[in-house]
Every structure is written in C-alpha cells, then in structure tokens.
Amino acid sequence: MQTRNAIVRRPSKKLGEGITTASLGVPNFERACEQHAAYCEALRAAGATVTVLEADAAHPDAHFVEDTAVLICGSAILARPGAEARLGETIREPLAEFFADFKEIVAPGTLDGGDVCDAGDRVFVGVSHRTNRAGAEQLARLAAEAGKTPVLVDIRNLPGILHLKSGLAYLGDDRFVVIAALLPAIAISPDRIVRVAPGEEYGSNCVRVNDVVLIADGHSRLQRDLARAEYSTTALDVSEFRKMDGGLSCLSLRF
Ligand code: CIR
C-alpha cells in the first residue's frame with residue numbers, strides 16, 4: 001500500500017459555516033490553517049508529494065476533499081455528496097493531472113468518499129445518511145468491475161458516526177482499526193483488528209501513509225495499541241476540523 005501523492009485543499013475563512021452536528025464551538029480559522037499546514041507536513045514526512053488546492057469560499061466544507069472522490073485501481077470515481085450544500089465541490093481538474101480514467105456516481109445515487117474504505121481485495125461501502133443505497137450500489141459495481149469484492153455496510157442506525165470511515169480504517173496487510181459499534185456489522189476476522197477503546201472512537205479515523213499511521217492526538221490507548229502492533233504513529237491536532245465533524249482522513253485524497 002504505497003502512497004505517493006496526496007491532494008488537500010486549504011480551509012477557507014468560512015469553514016465555520018459548514019455542516020456540523022458537533023457542539024464543540026466555532027472553529028478558529030488561524031488555528032485551522034496551522035493544523036492543516038502541520039497535516040500537510042506530516043504527509044510529506046511520510047513520503048507523499050502533496051498538492052495543495054486553494055480554498056473554496058463558496059463551499060465551506062470543501063477542504064474535506066476525501067468526500068469528493070474515490071480513487072481505486074488507477075481510476076478516479078467522482079463522488080456525488082449526499083449533502084446538498086456540498087454538491088458543487090469539484091475535484092475533477094486537479095485529479096486530471098494524475099488520472100486519465102474518470103467514472104462518476106450519478107443521480108439518484110449519492111455517495112461521500114468518507115463512506116468508502118478500500119481494503120486490499122475488498123472495498124467496504126457504507127450506506128449512511130449521506131451515501132444512499134443507489135450510490136453505494138453504483139460504487140460496488142465499479143469496484144467489482146475493477147476486480148474487488150464490494151461489501152455494503154449499513155451504518156444508518158449507528159449513532160455518532162457520520163461516515164463509515166468515522167469508525168473504520170484500513171492499515172494494509174489485511175489489518176483494520178474498528179470501533180466496537182461497527183464490529184457486528186462488519187465481517188472482519190477478530191485477529192485482524194486493532195480495537196478502539198470506549199471514548200477513543202474519534203481516533204479510529206486514522207490514516208496509514210507508507211510507514212506511518214497518522215492519528216488525531218488525545219487517543220493514547222489507540223496509539224499504544226498501534227505501537228504494540230508495530231505501527232509508527234504521528235499524532236496530529238485536528239481540533240478545529242473536529243468541530244465541523246471532520247477527521248484526519250477526510251482532509252486528503254491519497255494515492
Ligand atoms: C460534512 O458534514 O460534510 C462536513 N462538515 C464534514 C465531513 C467529514 N468528512 C469525512 O469524515 N469524510
């Protein structure tokens with residue numbers, strides 16, 4: 001699982017006008033920019049070349065670029081975000097620098113990239129309050145055409161997770177980080193799982209980038225368990241993005 005590139009978008013001054021269910025206060029723009037810069041540095045330190053897109057003030061959630069596309073098997077699948085306010089976020093042009101083959105999720109399907117966990121031979125696709133069944137099935141068909149086995153996971157009744165990857169991360173080598181609430185819904189062998197302790201669920205949205213796992217700071221038990229499983233970790237402060245329901249993974253597209 002090699003990550004050569006990452007695409008990110010700078011937050012705009014309007015980031016506080018994005019969608020959120022969190023009651024953690026209004027994000028501070030300057031702090032968000034600092035945290036975003038540190039995130040980019042961590043991606044670079046892990047070996048990725050980072051393309052930084054300019055902020056999009058018309059779309060206050062646009063820095064959560066992961067939701068706008070799914071990059072699997074050398075193709076770019078343009079997502080169709082389930083929140084109307086996010087439908088205008090575009091990523092095609094920057095992706096065209098890297099991908100020749102484009103596919104897209106079309107109406108009535110909706111799909112947020114945060115609901116797609118590409119995991120070796122399998123692709124887990126969350127059916128959520130953002131990704132509807134039609135969108136998940138379109139993604140499943142495209143993944144199957146690319147030779148992967150799609151697994152649909154209905155997360156609509158799981159409180160506290162916006163997207164599938166709010167509770168599931170793929171570490172490579174058939175290993176996963178999974179929150180307890182997702183375990184019954186997901187067919188992953190227990191010996192392949194790094195479990196997440198109660199209270200540390202937000203940390204499950206971690207990202208493996210080459211030899212490092214980037215993780216939100218403040219999740220010391222998960223960090224310890226990842227270290228025990230022989231992963232190096234880098235903890236990052238993403239508090240300003242968390243205020244807007246965002247996690248580590250949604251701040252970049254990686255390939
Ligand atoms: C939203 O509600 O769409 C944004 N405020 C947060 C998106 C976070 N994306 C992700 O977890 N993949």
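**Ligand site, cavity and loop residues**

Lys243 counts as buried because its relative accessibility is 12%, and the cut-off for a buried residue is under 20%. In this predicted model, Lys243 is located in the loop that runs between helix H5 (239-242) and strand E15 (253-254). The side chain of Lys243 is joined to that of Glu240 by a polar contact of 2.9 Å.

The surroundings of the ligand were examined next. The ligand is surrounded by 14 residues, and the closest are Ile19, Asp67, Arg86, Arg130 and Met244. By class, the shell around the ligand comprises five nonpolar, three polar and six charged residues. For Arg86, an N or O atom of the side chain is 2.8 Å from an oxygen atom of the ligand. For Arg130, a side-chain N or O atom is likewise found 2.8 Å from an oxygen atom of the ligand. With Met244 the backbone takes part: one of its backbone N or O atoms lies 2.8 Å from a nitrogen atom of the ligand. The ligand taken alone exposes 350 Å², of which the protein buries 98%.

The volume of the largest cavity is about 40 Å³. Its lining is formed by Arg9, Asp56, Ala62, Val65, Thr68, Glu89, Thr90 and Ile91. Sorted by class, this lining of the largest cavity contains three nonpolar, two polar and three charged residues.

Most residues other than glycine have a negative phi, and most peptide bonds are trans. Cys73, which is not a glycine, has a positive phi of about 50 degrees. The position of Cys73 is in the loop between strand E3 (69-72) and strand E4 (75-78). Cys73 is classed as partly exposed because its relative accessible area is 44%, and this class lies between the limits of 20% and 50%.

Glu230 also has a positive phi, near 75 degrees, and is a residue other than glycine. The loop that holds Glu230 lies between helix H4 (220-228) and strand E14 (232-236). The relative accessibility of Glu230 is 71%, so this residue counts as exposed; the cut-off for that class is over 50%.

A cis peptide bond is found from Ala107 to Pro108, with omega near 10 degrees. Pro108 belongs to the loop between strand E5 (102-104) and strand E6 (116-119).

A further loop residue, Leu162, is placed between strand E8 (149-154) and strand E9 (168-172). Leu162 counts as partly exposed because its relative accessibility is 27%. Along the chain, Leu162 and Ser128 are 34 residues apart, while their C-alpha atoms are separated by 7.3 Å.

Notes:
Residues numbered from 1 in each chain as written. Predicted model: local features only at pLDDT ≥ 70, side-chain atom pairs only at ≥ 80, totals over all residues. Heavy atoms only, no water. Near = heavy atom within 4 Å. Polar contact = N/O pair within 3.5 Å; in protein donor to acceptor, adjacent residues only side chain to side chain. Areas by Shrake-Rupley, 256 points an atom, 1.4 Å probe, with all protein chains shown as cover. Nonpolar A, V, L, I, M, F, W, Y, C, P; charged D, E, K, R; others polar. 1 Å grid on protein atoms, 1.4 Å probe; cavity = no way out; pocket = protein on both sides within 12 Å on 5 of 7 lines; lining within 4 Å. Points joined across faces, edges and corners; volume = space filled by probe spheres on them. Helix = DSSP H or I, 4+ residues; strand = E, 2+ residues; numbered from the N terminus. Buried < 20%, exposed > 50% of the residue type's maximum accessible area, 1.4 Å probe, protein only.
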